[in-house]
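The sequence and structure come before the details.

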Amino acid sequence: MKIGILVAMDKELHQLQQLFNSDDVLVQKCGIGKVNAALGAQRMINEFHPDCIISSGCAGGNGDDINVQDVVVSAELCYHDVYCGTAIDNTTIYGQVQGLPARYPADPYLLRKSSELKVEGLEIHPGLIVTGDWFVDSREKMREIIEHFPDAKAVDMESCAIAQTCYINKVPFISFRVISDIPLRDTDASQYHNFWDTIAEHSFQVTRTFVESL
């Protein structure tokens, strides 16, 4: 099986490249944000022809059961910053690109395999990941997002754009997001910066364990 792994930043790329040495696993950086993520996913599909794509990286967390260093697996994905209005189509809902799914479910096989993961010392949660072009560094912005998506477990800037690209290309997809900070419990993104200084490396072992299980 050929597996493509996309990350947004150099620090994520360096962490994950150290974990894989197989020609059947390609780790690439797409860049930050939805456009970079979609372009990176399409390039990977065109050039590498993966059997599945995994998005791996960090995200802000939400929920009483979510803590820093936990991992959220994308049972579903959608956008938190898309609104197409009702002038043309009154069935399109907030977060949905008109003509495309309101939410993108993870590939059933990949989601089932993720549910079997056991990584000592780490909590793994399936749930909704919402994506938008906004680094959430305030409680106010997080509250605004959660008003629309109260069931969101994680907020990032790439996953749903990759999911949309994979949906169009019929490539199985799933996202693993390590929780780097909890915006509703943090006021100045200090948790995010501390995450990279102390515990990021251990957290990305979940992605390696998952790939080894496929």
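## Rings, cores and a glycine site

The charged end of Lys141 lies over the ring of Trp134, 4.0 Å from the ring centre. A charge counts as sitting over a ring if NZ of Lys or CZ of Arg is within 6 Å of the ring centre and within 35 degrees of the ring normal.

| Charged residue | Ring | Distance to ring centre |
|---|---|---|
| Lys141 | Trp134 | 4.0 Å |
| Lys2 | Phe48 | 4.5 Å |

The model is predicted: local features need pLDDT of at least 70 and side-chain atom pairs count only at pLDDT 80 or more, while totals for chains, interfaces and linings use all residues. Residues are numbered from 1 along each chain as its sequence is written, and side-chain values use heavy atoms, with hydrogens and water left out.

Four aromatic pairs are found in a search of the whole structure. Rings of Phe, Tyr and Trp (its six-membered ring) pair if their centres lie within 6.5 Å; planes under 30 degrees apart count as stacked, over 60 as edge-to-face and the rest as tilted. Tyr104 and Tyr167 make an edge-to-face pair, with 5.6 Å between centres and 70 degrees between planes. Because Tyr104 belongs to strand S5 (residues 104-105) and Tyr167 to helix H5 (residues 159-169), this pair ties together parts 63 residues apart in sequence. Helices (H or I, at least four residues) and strands (E, at least two) are DSSP runs, numbered from the N terminus. Tyr104 is buried at 3% relative accessible area, whereas Tyr167 is partly exposed at 47%. Buried means under 20%, exposed over 50% and partly exposed in between (1.4 Å probe, protein chains only). Elsewhere, ring pairs join Tyr83, Tyr94 and Phe149 into a cluster.

The largest nonpolar core has 27 residues, of which Leu6, Ile53, Ile162 and Phe173 touch the most other members. Helix H2 (34-48), strands S3 (52-61), S4 (71-79) and S8 (173-181), and helix H5 each supply at least two of its residues. A nonpolar core is a set of buried Ala, Val, Leu, Ile, Met, Phe, Trp, Tyr and Cys residues joined through side-chain atoms within 4.5 Å. Apart from this core lies another, of 25 residues, including Leu19 and Ile174.

Gly127 lies in strand S6 (residues 124-131) and is buried, at 12% relative accessible area. Beyond neighbours within four places in sequence, Gly127 contacts (heavy atoms within 4.5 Å) Val73, Ser74, Ala75, Glu76 and Lys153.
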